[in-house]
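This report describes the inside of a protein model, from its cores to its cavities. Please look at the sequence and structure shown here before reading on.

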Amino acid sequence: MPVREDKGSVMITAERPALTRKDFVTDQEVRWCPGCGDYSILAQTQKIMPELGIPRENIVFISGIGCSSRLPYYMNTYGFHSIHGRAPTIASGLKASRPELSVWVVTGDGDALSIGGNHILHVLRRNVDLQIILHNNEIYGLTKGQYSPTSELGKRTKSSPYGTIDAPLHPLSVAIGAEATFVARAIDTDAQLMHHCLERAYQHRGASFVEVYQNCNIFNDGTFREFAAKEVRADRTITLEHGKPLIYGKERDKGLRFNGMHIEVVEIGKDGITEGDVLVHDETRADPTIAFLLSRMEWPEFPVPMGVFRAVQRPTYDALMQKQIEDVINAEGEGELRDIFLEGDTWTVE
Amino acid sequence: MATVTTKESESPEHQDILELERVTIRFAGDSGDGMQLAGTQFTKTSAVIGNDISTFPDIPAEIRAPQGSLPGVSGFQVSFSSQDIFTPGDQPDVLVAMNPAALKTNLGDLPRGGLLVVNENEFSEANLKKAAYASNPLEDGSLQAYRVYQVPISTLNSGALKDSGLTPVQVDRCKNMFALGLMFWMYSRPLETTLHWIDEKFGKNPAVCEANKTALKNGYHFGETTEMFATHYHVPKAKLKPGLYRNITGNEATALGFITASKLAGRQLFYGSYPITPASDVLHELSRFKRFGVKTFQAEDEIAAVGAAIGASFGGSLGLTGTSGPGLALKSEAIGLAVMVELPLVIMDVQRAGPSTGMPTKTEQADLLQAMFGRNGESPVAIVAPATASDCFNMAVEAWRIAIKYRTPVIFLSDAYLGMGSEPWLVPDISSLPKIEPNFASDPATFKPYARDPKTLARPWAIPGTPELEHRIGGLEKSDITGNVSYDPANHDKMVRLRAEKIECIAQDIPDVVVDGDDSGGLLVLGWGSTYGVITTAVQRARAEGKRVSAAHFRHLNPLPPNLGNVLRRYDRVLLPEINLGQMRMLLRAKFLLDIEGLNKVSGRPFTIAEVERKIAEMIG
């Protein structure tokens with residue numbers, strides 16, 4: 001995988017042996033429930049680290065509160081298990097002050113979209129160059145089974161014994177609405193797809209938002225099974241590939257196309273519909289509308305889109321902040337304390 | 001104010017010049033009338049010609065209340081003297097009232113016989129009504145007790161500017177310069193400093209520039225030539241410590257102190273903040289200093305501001321955040337996180353009247369208990385509180401010295417009165433200030449995330465980018481030494497006590513409290529924060545009358561100066577004036593088991609010297 005040129009700092013050389021996955025495993029016993037989807041997300045995260053080609057000491061994982069947020073303890077990098085919803089704020093301060101670091105935010109549906117909603121909006125709006133991995137299990141696992149902002153309407157949980165009355169958010173729609181420059185979706189049961197999304201997220205210069213459907217087998221088991229189970233996955237999900245037509249299905253016989261202002265599912269070969277009628281995926285579209293439409297697509301009306309929805313370029317907050325300082329120093333020279341001490345009227349007492 | 005001599009001088013025959021030791025002027029008008037500007041210019045000139053000065057701006061919370069209304073009144077009080085002064089004066093000697101609302105709001109503070117200069121043109125029926133005057137005070141004899149000068153400031157000003165080319169609204173805006181010019185004449189101040197300032201500020205607009213200068217000069221000449229004023233005054237230079245001075249507000253000094261600390265530590269300053277009165281000026285100041293590499297982050301809310309500062313400290317920068325009372329409340333959880341992860345963090349709180357939204361532009365000292373205890377669990381932080389506007393510089397540097405050396409959050413407790421008031425600042429020699437060593441961890445062989453330095457009990461500061469020191473920190477309880485997550489009962493008890501002990505360790509390099517007065521016996525008046533000036537002056541005056549009273553002031557609030565308890569025990573009684581209901585009094589009573597007495601006023605205004613004098617007299621006769 002190509003190393004990002006802008007990372008600048010210490011490169012892996014012959015003097016420093018190449019890192020392996022083992023270098024990113026800590027001595028801490030992993031405490032997630034057996035069968036939890038977080039295990040596979042952790043595995044893919046550990047696997048991709050050596051592939052980034054950067055020194056381990058430059059990688060930082062910052063999390064909030066939730067099962068997902070335990071992840072930093074299991075990564076042998078610098079890590080910060082912070083407070084509920086606030087990881088993006090700590091990450092923003094770290095990245096803005098140390099732009100050469102590789103900063104990863106691990107969060108969940110409650111952490112990012114309930115208490116942390118405000119901070120998610122702004123870290124995306126600012127386009128701080130970091131990666132946000134949101135473990136979406138549509139439940140509050142750590143506190144033992146309350147509903148979350150992504151739980152379906154009417155869901156019965158510990159805190160909603162008669163069913164929820166809140167309509168849920170679509171995380172990717174929120175991200176796109178918050179001006180996110182990189183938006184992707186993976187799922188814990190598809191290792192290859194997750195690897196792809198993490199890799200792309202890292203390569204993207206800007207705030208990369210990756211929603212990972214994650215199964216909480218204790219409090220919300222099987223919530224994605226209907227479209228994600230192996231037998232049906234090919235016909236009920238669609239993997240987005242830039243430049244390729246949006247075709248899916250085991251027989252590759254289904255596609256998405258525009259009908260007026262709406263996307264519709266069509267059968268290729270029927271009623272004269274050919275591959276040429278199918279919408280071609282373009283991650284780089286400046287207008288986010290189509291990406292937004294894709295983010296609304298839910299089973300059974302539509303196949304669930306997976307992969308990279310959007311990847312556009314926009315200056316990053318940390319680079320702009322750094323540049324503004326450099327520009328000022330170039331124009332005005334480096335500051336002398338004495339000059340600002342003496343701003344305004346001064347006088348001498350003999 | 002002491003009348004010293006009557007001097008014959010170059011002034012016209014009908015005018016005498018009286019020498020005074022100290023004068024206090026209050027400029028008051030509608031918030032659109034430029035009173036802050038007039039006041040700051042008067043202050044600047046007075047400082048430049050050598051008086052000691054002290055100021056107190058009194059601004060309304062609204063951006064623009066209806067013109068002429070009572071809530072729209074804006075005031076600026078400046079006290080200037082040939083002696084060392086510590087407060088902006090209890091009461092003005094002169095009140096300049098630009099409209100009826102300003103008169104209504106401020107007259108109560110003018111003593112009998114005080115000078116009252118009013119802009120008589122603004123005393124229309126409509127304006128009198130807005131100020132809830134049933135009759136015109138200029139005509140109904142209610143101002144008999146004062147020396148009233150009715151000056152048609154608006155018409156004189158517009159007359160002077162009739163050929164200026166400005167619109168009537170622009171012309172009217174210059175009337176504050178006319179009033180200022182008149183005051184300059186009355187107190188024998190030169191116009192140069194303000195003329196120079198006008199040139200700089202309005203250089204790009206020659207017509208406006210000229211008009212302001214004309215208005216200023218006309219006000220001056222009016223005083224000189226009219227027969228309205230039989231006397232004018234002269235306040236000689238003060239004997240201040242020799243050196244280079246500049247006038248500075250507390251907020252400006254705070255900002256300079258923070259930048260200086262970053263230079264002394266050799267690390268970048270990162271300021272995360274959210275605009276809030278009266279702290280926003282620090283954000284404005286620091287945002288200008290990009291050529292010092294200062295990174296300022298206007299966050300989406302108070303919590304993001306402190307979160308970003310913590311992230312910056314995690315990365316080895318000086319992570320700083322600043323706010324007022326309501327913002328400190330929002331930051332509590334994050335400050336608790338900083339306590340648990342033991343990273344350097346400075347939190348500036350420019351206190352204002354509370355509770356809740358309170359009175360945003362009024363001063364108070366009631367966030368002390370919030371600073372001490374406003375976090376869940378046993379969550380101690382260090383607290384420092386500057387005593388004067390220029391002391392804000394010293395304590396800002398001190399806050400960072402403590403934060404870095406002990407790897408701890410430090411709350412810098414200032415207040416609106418200090419933040420917005422100004423005084424002369426003896427500019428320090430930067431090379432004389434001691435460096436602050438971050439002492440980052442670097443050796444993987446000996447590094448343990450929660451091992452402690454035996455003297456400071458601080459843990460190592462190991463920043464991302466340092467090879468082989470990879471570790472994880474967080475808000476869950478930590479095991480001693482290793483820093484792994486631990487729920488072990490004995491460990492938690494130990495860690496709670498260690499964190500408390502670390503804060504107590506800070507006392508080892510805090511200076512002792514010094515008493516101004518007698519070594520022991522009699523009454524001790526004790527203060528913290530902005531009551532310094534008032535207490536010092538009140539005790540000075542009481543001692544001059546032969547009273548057995550001393551003063552002491554402390555700037556480290558947590559931990560306390562190591563000798564404080566012993567000092568307090570040497571006196572028969574201790575009085576602690578505070579602008580709250582007795583927060584420090586409660587803490588000291590509990591800690592030292594001493595019956596400390598309080599003087600408490602919570603009106604959004606500083607104490608007056610007279611209030612403290614009265615209490616001293618009441619207590620010891």
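## Contacts and cores

Contact means heavy atoms within 4.5 Å. Setting aside residues up to four places away in sequence, Leu588(B) touches Leu526(B), Phe554(B), Leu560(B), Leu564(B), Leu568(B), Leu576(B), Leu593(B) and Ile596(B). This is a predicted model, in which local features need pLDDT of at least 70 and side-chain atom pairs count only at pLDDT 80 or more, while totals for chains, interfaces and linings use all residues. Residues are numbered from 1 along each chain as its sequence is written, chains are lettered from A and ligands numbered from 1 in the order in which they are written, and side-chain values use heavy atoms, with hydrogens and water left out.

A nonpolar core is a set of buried Ala, Val, Leu, Ile, Met, Phe, Trp, Tyr and Cys residues joined through side-chain atoms within 4.5 Å. Buried means under 20% relative accessible area, exposed over 50%, and partly exposed in between (1.4 Å probe, protein chains only). The largest nonpolar core has 156 residues, and among those touching the most other members are Phe80(A), Trp400(B) and Leu588(B). Its largest share, 11 residues, comes from helix H14 (residues 391-406) of chain B; helices (H or I, at least four residues) and strands (E, at least two) are DSSP runs, numbered from the N terminus. A second, separate core of 53 residues includes Met35(B) and Phe178(B).

## A buried arginine

Arg452(B) lies in the loop between strand S17 (422-426) and strand S18 (472-474) of chain B. Arg452(B) counts as buried because its relative accessibility is 16%.

The side chains of Arg452(B) and Glu342(B) are joined by a polar contact of 2.7 Å. A polar contact is a pair of N or O atoms within 3.5 Å; within protein, one must be able to donate a hydrogen and the other to accept it, and residues adjacent in sequence count only if both atoms are side-chain atoms. The Arg452(B) side chain also reaches the backbone oxygen of Leu457(B) at 2.8 Å.

## Cavities

A cavity is a set of points, on a 1 Å grid over the protein atoms alone, where a 1.4 Å probe fits but cannot get out; lining residues have an atom within 4 Å of a point. Grid points are joined across faces, edges and corners, and a volume is the space filled by probe spheres set on the points. The whole structure holds four cavities of 30 Å³ or more.

The largest cavity has a volume of about 90 Å³, and its lining includes Arg31(A), Tyr73(A) and Val485(B).

Terms used:
1 Å grid on protein atoms, 1.4 Å probe; cavity = no way out; pocket = protein on both sides within 12 Å on 5 of 7 lines; lining within 4 Å.
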